Amino acid sequence: MKTFADKVRDVVRKIPKGKSMTYKQVAAKAGNPKAARAVGAIMRTNYDESIPCHRVVRSDGSFGDYNRGGTQRKREMLKREGAL
DNA sequence: TAGTTGACCGGAA
DNA sequence: ATTCCGGCCAACT
């Protein structure tokens, strides 16, 4: 039985290039549609290199936060990949 | 174990 | 449009 954190990491890892999912969508795919906040908490503590956490955005259409460089860094990443 | 914090969401003022 | 409040869940102290 995988934990919620494991599922979240797996889901985020499966996000195709040029696509972006909301925290809520990721949480829903992980099994908890109401755990959007938890997703952020997990990414913050356990952000892996294999996990394109920059492709995870907020439901409002904003980019949300990031660990390295902040929101602007995230925006540039998405722009570079073609998601924008 | 309990309390606080936070890469969030949705609704109300 | 912006600001405030309650709610959900995981990690940290």
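**Helices and DNA contacts**

Reply: Helix α1 (residues 4-13) and helix α2 (residues 23-30) have axes that come within 8 Å and cross at roughly 120°. That angle makes α1 oblique to α2; angles under 35 degrees count as roughly parallel, over 145 as roughly antiparallel, 65 to 115 as roughly perpendicular and the rest as oblique. The axes are lines fitted to C-alpha atoms, for helices over the stretch in contact, and angles run from 0 to 180 degrees between N-to-C directions. Helices here are DSSP runs (H or I, at least four residues), numbered from the N terminus.

This is a predicted model, in which local features need pLDDT of at least 70 and side-chain atom pairs count only at pLDDT 80 or more, while totals for chains, interfaces and linings use all residues. Residues are numbered from 1 along each chain as its sequence is written, chains are lettered from A and ligands numbered from 1 in the order in which they are written, and side-chain values use heavy atoms, with hydrogens and water left out.

Where the two helices are in contact (heavy atoms within 4.5 Å), Phe 4, Lys 7, Val 8, Val 11 and Val 12 of α1 meet Val 26, Ala 27, Lys 29 and Ala 30 of α2. These residues divide into 7 nonpolar, no polar and 2 charged. Ala, Val, Leu, Ile, Met, Phe, Trp, Tyr, Cys and Pro count as nonpolar, Asp, Glu, Lys and Arg as charged, and the others, Gly among them, as polar.

A residue is near a strand if one of its heavy atoms lies within 4 Å of it. DNA strand B is surrounded by 17 residues, and the closest are Lys 24, Arg 37, Met 43, Arg 44 and Ser 59.

Sugar and phosphate make up 72% of the atoms of DNA strand C that come within 4 Å of the protein. A polar side-chain atom of Arg 37 lies 2.5 Å from a base oxygen of DNA strand C. Here too α3 gives the most, with 4 residues.

Definitions and conventions:
Polar contact = N/O pair within 3.5 Å; in protein donor to acceptor, adjacent residues only side chain to side chain.
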